[in-house]
Amino acid sequence: MVRAPLTNGSRFELFNLDLDPAFDLIKRSGAKVVGVQVPEGLKRMASDLARDIQEETCAEVIFSGDPCYGACDVDLDLCRAADLVIHVGHSEMLEGDPLHDKVVYVEARMRADVREAVEGAAELLKTSRVGVVTTVQHIHKLPEVLELLGGRGIEGIVRPGGRTRYPGQVLGCNYEAARNADVDEYLFVGTGQFHPLGVALATGKRVVAADPVTGNVSVIDAAPMLRRRYGAIARAGDAERIAVIVSKKPGQRRMELARRMMSLGEEQGKRMILVYLDRMEPDALVNLGVDAAVSTACPRIALDDQAKYPVPVLTPPEFEVLLGRRKGEYLFDEIEQMPI
Ligand code: SF4
């Protein structure tokens with residue numbers, strides 16, 4: 001059964017969650033304690049979800065109170081405390097750790113109609129063969145998107161990626177599904193600016209974004225982001241003490257890459273410090289007394305949140321530019337399938 005879990009007039013009415021497979025699994029496995037992880041944008045549905053799970057399964061429900069931004073961020077402590085963990089809103093990503101076997105993924109699918117946005121975007125497309133990408137929230141709409149484009153004589157190309165579950169799906173940290181399409185132009189269907197900007201930066205190609213919620217369409221301009229990033233690199237130019245950040249989150253943990261960044265900095269006489277943390281906060285950098293940081297964690301930390309931090313935070317490819325080890329076009333920091 002497809003459920004609409006909230007009816008309080010909030011934005012959660014935008015989503016469908018199919019909880020029945022998770023309920024079946026809880027009952028079949030005899031789980032007595034069920035953990036639930038919900039992304040920040042859906043957290044206010046927690047009490048409704050808890051009620052539904054308890055009524056359906058009689059299991060005790062424990063919610064993760066920590067922020068959760070992606071499937072990279074499975075709460076392993078909650079996995080230890082619970083018999084099963086329901087991870088809401090993201091598609092499955094991690095494998096290989098026995099704790100992950102406890103996790104059941106319940107994807108959130110947006111109900112928003114794509115027609116208006118896609119038809120508007122088709123007017124802005126310049127080529128008759130375009131790569132089509134989206135996030136998991138709209139992935140079920142891709143057949144309709146392709147049909148709408150086809151009706152206007154535009155061939156939509158959908159390709160799989162490595163870190164993502166569905167063809168055409170992109171993440172803030174992975175645009176392989178876009179790069180795998182041999183096209184000169186992309187249509188991104190979804191909300192927000194970060195993903196279409198990521199497509200533009202990762203491919204260097206023209207991107208038209210279609211937002212099914214607002215109906216807005218736009219051609220992505222990556223130039224302001226690039227100016228900000230080269231500004232951050234320039235500000236880090238005099239940095240002597242540099243922290244290399246490694247995330248504890250299982251799908252962001254790139255220790256090998258961090259060690260490589262440490263070596264590169266040390267070779268150039270920088271005072272490098274390797275820092276392992278769960279959540280990047282401005283205070284962490286202030287207290288460490290560093291002049292700059294290199295984040296090997298989620299690329300959004302450096303690209304989306306720079307304004308929060310007191311010192312420049314660079315991605316690994318940006319750090320290589322700073323050290324003169326990388327030349328040429330800007331390289332967007334992407335995380336491969338299994339970063340551990
Ligand atoms: Fe999303 Fe960042 Fe996790 Fe990638 S690393 S899945 S962009 S939260």
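I began with the second largest pocket, where strand 5 gives the most to the lining, with four residues. I am working on a predicted model, where local features need pLDDT of at least 70, side-chain atom pairs count only at pLDDT 80 or more, and totals for chains, interfaces and linings use all residues. Residues are numbered from 1 along each chain as its sequence is written, and side-chain values use heavy atoms, with hydrogens and water left out.

**Pocket**

I noted a volume of about 330 Å³ for the second largest pocket. Its lining has 15 residues, and D18, P21, Y105, V106 and E107 are the closest to its centre. Strand 1 (15-17), helix 1 and strand 5 each supply at least two residues of that lining. My terms: on a 1 Å grid over the protein atoms alone, a pocket is an open set of points with protein on both sides within 12 Å along at least five of seven lines, a cavity is a set where a 1.4 Å probe fits but cannot get out, and lining residues have an atom within 4 Å of a point. Volume is the space filled by probe spheres set on the points, with grid points joined across faces, edges and corners. Helices (H or I, at least four residues) and strands (E, at least two) are DSSP runs, numbered from the N terminus.

Strands pair if DSSP finds at least two bridges between them. Strand 4 and strand 5 pair over four bridges. Within this pair I found V88 opposite V106. Contact means heavy atoms within 4.5 Å.

**Helix 1**

Which residues of helix 1 are buried? I listed D20, A22, F23 and I26. Buried means under 20% relative accessible area, exposed over 50%, partly exposed in between (1.4 Å probe, protein chains only). Their cover includes strand 2 (33-37), helix 2 (46-57), strand 4 (84-88) and strand 5 (103-106). Just after helix 1, G30 takes a positive phi of about 70 degrees.

I then turned to an open sheet of five strands, order 8-7-9-10-11, with mixed pairing. Strand 8 (155-157) and strand 11 (217-219) are its edges. Strand 7 (129-134) pairs with strand 8 in the parallel sense over three bridges. V130 stands opposite G156 there.

**Cavity**

How many cavities of 30 Å³ or more are there? I count one. About 40 Å³ of space lies in the largest cavity. Helix 12 (316-322) and helix 8 (223-235) each supply at least two lining residues; helix 12 gives the most, with three.
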